[in-house]
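Here is a walk through a protein fold, written to be read with the model open beside you. Have a look at the picture, then follow the sections in any order you like.

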Amino acid sequence: MSLPCRHRNNVVCLDRPRKQEQEEATEDVTEVAPGVLRTQLPISMPGLGHVNCYVLEDERGIAVVDPGLPGAESWGHLVDRLERAGYRVSDVHTVVVTHSHPDHFGGAYRLRHETGADVVTHKSFLTLFDGSGEATVDEDGRPSEDSADLVFNSAEERIDAIERYLGRPTPWGGQRTGPPREFLERLWADDPTSSGLAGPLKPTQPLIDGQTIRLARREWLAMHTPGHTHDHLCLYDPEHGVVLTGDHVLPTITPHISGLTLHTDPLALFFASLHRMAGINDVAIALPAHGHPFTDLSGRSEHIIDHHEDRLEIIRQAGRDLHEGAVGEGTVNDYMKVLFRERSWGDMAESETYAHLEHLRTIGDFVRTSVDGLARYAPA
Ligand SMILES: [Zn+2]
Ligand SMILES: [Zn+2]
């Protein structure tokens, strides 16, 4: 049973114990908007049981949005779902990837390889695993070239690069543990596209904010929505009021905000991206990457903003408590233990805590010092 969530306006709501995003993938194919089908692919990641792979139909065939994890097992499910929807892999002319997480981009490598499908992402698309871990972005959000040009000659080399990335200390002086090598091998080693030809996944149609793309017989507006990742892309069809929200806005969980990002204040970007979602009028249906389609995109976006405002207030209070106590300042790990319940402690919780602390530092509420590479934060 999860704890009640208190909004800024003091309304208390009880979140359901089992979240939609945790549900196991079904084999259903459901038309959720004209020419837009929802299918689900199994994944097992923390808090997630499926990823929605949307199928967008037109006269040329289909586009798929977020085709699941890499690897043969997920590929088998993707082929099955396309068949249930009445299509073959050869019908796929476009793959849309909402952002650089493996449950979203994984299947895109092989679709591109087998069908020559166009790959549509935001222009700044870059998986941190594919980069050197030192990538930066320019003012347009484009990753630095050196990091985007790695080529792997085998699955082993790719996994080695991931482990090198995971072996680096975090910007706050913590350790990354990351997934075990067996997990990475299972993901990549049995995927034919992971050896020989697979460098980083590169978009063939990189989009920038405000650009339009024609899919499912209508125009979609590209919305760059950084926060959950630096490269997150939502697509908005104003004609039918359909929004593909990716992981940016999910129905019953709040997406992870990582401090390990190419931007210094990802939480500020996330707030701005949520305000943009809240400002879309006439939403008929929002199509998230996990969980069920929903209608109140504005309300859900505002709820997530309130949630993070509440978490910032918890950190401010923890800072005051530390200040009044003997300690004075706290490490990211200290604040994490206040912000998260014990069962959630670990890399991801530290990273999200760091993102909140850096936001407070950026807006001038907190100061940061560093002793032997270990960051410490205190109220300004
Ligand atoms: Zn994600
Ligand atoms: Zn996801």
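What is the order of the strands in the open sheet of seven strands? It runs 3-4-5-6-7-8-9, and the pairing is mixed.

## Ground rules

This is a predicted model, so local features are kept at pLDDT of at least 70 and side-chain atom pairs at pLDDT 80 or more, while totals for chains, interfaces and linings use all residues. Residues are numbered from 1 along each chain as its sequence is written, and chains are lettered from A and ligands numbered from 1 in the order in which they are written.

The protein chain has nine helices and 17 strands. Among contacts with a separation of 6 or more, 64% link residues 24 or more positions apart. A contact here means C-beta atoms, placed from the backbone, within 7 Å.

Angles run from 0 to 180 degrees between N-to-C directions, with axes fitted to C-alpha atoms and, for helices, over the stretch in contact. One parallel pair is strand 6 (residues 61–65) with strand 7 (residues 92–96), joined by four bridges; there, Ala 63 sits opposite Thr 94.

Two helices lie across strands here. Helix 1 (residues 72–84) covers strand 4 (36–45) and strand 5 (48–58), at about 160° to strand 4. Helix 2 (residues 102–115) lies across strand 4, strand 5, strand 7 and strand 8 (118–122), and runs at about 155° to strand 7.

## Helix 7 and its partners

Helix 6 (residues 266–278) and helix 7 (residues 297–324) have axes 8 Å apart and pack at about 155°. That makes the pair roughly antiparallel, since the label needs an angle over 145 degrees; under 35 is roughly parallel, 65 to 115 roughly perpendicular and the rest oblique. The residues that meet include Phe 271 and Leu 274 from helix 6, and Ile 304, Ile 305 and His 308 from helix 7. By class, this contact has eight nonpolar, three polar and one charged residues. Nonpolar covers Ala, Val, Leu, Ile, Met, Phe, Trp, Tyr, Cys and Pro, charged covers Asp, Glu, Lys and Arg, and the others, Gly among them, are polar.

Helix 7 also meets helix 9 (residues 347–362): their axes come within 10 Å and cross at roughly 80°, so the two are roughly perpendicular. On the helix 7 side the contact uses Arg 311, Leu 312 and Ile 315, and on the helix 9 side His 356, Leu 357, His 359 and Leu 360. Those residues divide into four nonpolar, two polar and one charged.

An open sheet of three strands has the order 15-17-16, with antiparallel pairing. Strand 15 (330–331) and strand 16 (366–371) stand at the edges with a single partner strand each, so one side of each has no neighbour in the sheet. Strand 16 is joined to strand 17 (residues 374–379) by six bridges, and Thr 369 stands opposite Arg 376. Helix 7 packs on this sheet, touching strand 15, strand 16 and strand 17, with its direction at about 90° to that of strand 17.

## Positive phi in loops

Asp 372, in the loop between strand 16 and strand 17, has a positive phi of about 50°, but is exposed, with 5 other C-beta atoms within 10 Å.

Notes: Two strands pair if DSSP finds at least two bridges between them. A residue is buried if 20 or more other C-beta atoms lie within 10 Å of its own, exposed if 12 or fewer, and partly exposed in between; C-beta atoms are placed from the backbone.
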